[in-house]
Amino acid sequence: VGDPLRLTAWYEARNARLRAVLGGLPGVLGVADGMSPIGADAARTRRDSKTVKVGEREDQLLMGTLTGSGDLLPVLGVRLLTGRQLTDADRRAVPLPTIVTESFAQELWPGGAALGQIFKVVQIPGGPNQVVGICEDFAFGSLAQPGNGVIVTSGLNQLDEAHFVIRAGHPQVMPGIVREAFPRSVTRVVTGREVIGRDVGRQRLGAWVFSGFGAAALLLAVGGAFGLVAYSAESRRREFGVRVALGAKHGDLVRQALMIALAPVS
């Protein structure tokens, strides 16, 4: 406990053993240390304003950080545009190898020469960081927020807890398989569908509420149109009787009544 390096090495070995077991479960296509970039877990590393130093220049950027094993982005399905992927050995390198999103690179190096550049985020201990890859922008924090301005580094998110992202062919059955493999040590298992459902829950509730108001308004409109058409037809009953007496055909009367009713209904 008194040696931080040995303690970190123990956590790394523990995570490696857990990843090996998870990777051997049926249906698993990939496993990585890390958290989902959206949902409640991502709130710990949510996007906020940070000071980024590039040489003597300082910029205030709205950015977020994502930490995990070197294969986190491939497991999440985030495409690398240029450069290389991270490795687990990168977490001990100085400067710290980092993958940045395309929008982050364009913000700091609009000329397109981001690879190999060194920068320092003042609010984040350690560093500096060196750009070794550029990935596409991805949703971070919430699907309702822009996913630009994110940096990804190799490391352990929580030493006392192990968090993993699993890519599987049939995600809906994975929670049961994982809990069966770790019956006493798994705290929580959620699928990507559940993460997205919680993230858009407020917007979905608002959509249902406004849909209910819209349905009520539609019913009122239908009732009003029906009453108007019924009143119009009733008020012309004597007129229709006179027309029948003068030889009007039944089809002509029906056609005329429909034409009168069509305008308010439309």
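Reader: By class, how many nonpolar, polar and charged residues does the lining of the second largest pocket have?

Author: Please bear in mind that this is a predicted model. As to the general idea, rolling a probe the size of a water molecule over the atoms shows where empty space is left. In the present case, the lining of the second largest pocket has eight nonpolar, seven polar and two charged residues. The space in this second largest pocket comes to about 360 Å³.

Reader: Which residues lie nearest the centre of the second largest pocket?

Author: The lining has 17 residues, and those nearest the centre are Leu96, Ile124, Pro125, Gly126 and Gly127. Strand E3 (57-68) and strand E8 (150-154) each contribute at least two residues to this lining. Of the elements, E8 gives the most, with three residues.

Reader: What volume does the largest pocket have?

Author: The volume of the largest pocket is about 1400 Å³. Its lining is made of 42 residues, and Ser36, Phe164, Val165, Ile166 and Val190 are the closest to its centre. Two or more lining residues come from each of helix H1 (4-23), helix H2 (72-76), strand E9 (164-168), helix H4 (174-181) and helix H5 (192-199). E9 gives the most to this lining, with five residues. By class, the lining of the largest pocket divides into 27 nonpolar, eight polar and seven charged residues.

Reader: Let us turn to helices. How are two packed helices described?

Author: Two packed helices are described by the angle between their axes and the distance between the axes. Consider H5 and helix H6 (residues 201-235), whose axes come within 4 Å and cross at roughly 60°. That angle makes H5 oblique to H6. In their contact, Gly197, Arg198 and Asp199 of H5 meet Gly201, Gln203 and Arg204 of H6. The contact of H5 with H6 has no nonpolar, three polar and three charged residues.

Reader: At what angle do the axes of H6 and H8 cross?

Author: The axes of H6 and H8 cross at roughly 155° and come within 9 Å. H6 and H8 are therefore roughly antiparallel to each other. The crossing in which H6 passes H8 is right-handed. On the side of H6 the contact is made by Ala225, Leu228, Val229 and Ser232, and on the side of H8 by Ile260, Ala261, Pro264 and Val265. These residues divide into seven nonpolar, one polar and no charged.

Reader: Why are H7 and H8 described as roughly antiparallel to each other?

Author: The axes of helix H7 (residues 237-245) and helix H8 (residues 250-265) cross at roughly 150° and come within 11 Å. An angle over 145 degrees counts as roughly antiparallel, and H7 and H8 are therefore described in that way. H7 passes H8 in a right-handed crossing. Glu239, Phe240, Arg243 and Val244 of H7 meet Leu253, Gln256 and Ala257 of H8. By class, the contact of H7 with H8 has four nonpolar, one polar and two charged residues.

Reader: Where is the place of Arg236?

Author: Arg236 has its place in the loop between H6 and H7. Leaving aside residues up to four places away in sequence, Arg236 touches Gln256 and Ile260. A separation may be read both along the sequence and in space. Arg236 and Gly192 are 44 residues apart in sequence, and their C-alpha atoms are 62 Å apart in space.

Note on methods:
Residues numbered from 1 in each chain as written. Predicted model: local features only at pLDDT ≥ 70, side-chain atom pairs only at ≥ 80, totals over all residues. Heavy atoms only, no water. Axes fitted to C-alpha atoms, helices over the stretch in contact; angles between N-to-C directions. Parallel < 35°, antiparallel > 145°, perpendicular 65-115°, else oblique. Left-handed = near helix turned anticlockwise from the far one by under 90°. Contact = heavy atoms within 4.5 Å. Nonpolar A, V, L, I, M, F, W, Y, C, P; charged D, E, K, R; others polar. 1 Å grid on protein atoms, 1.4 Å probe; cavity = no way out; pocket = protein on both sides within 12 Å on 5 of 7 lines; lining within 4 Å. Points joined across faces, edges and corners; volume = space filled by probe spheres on them.
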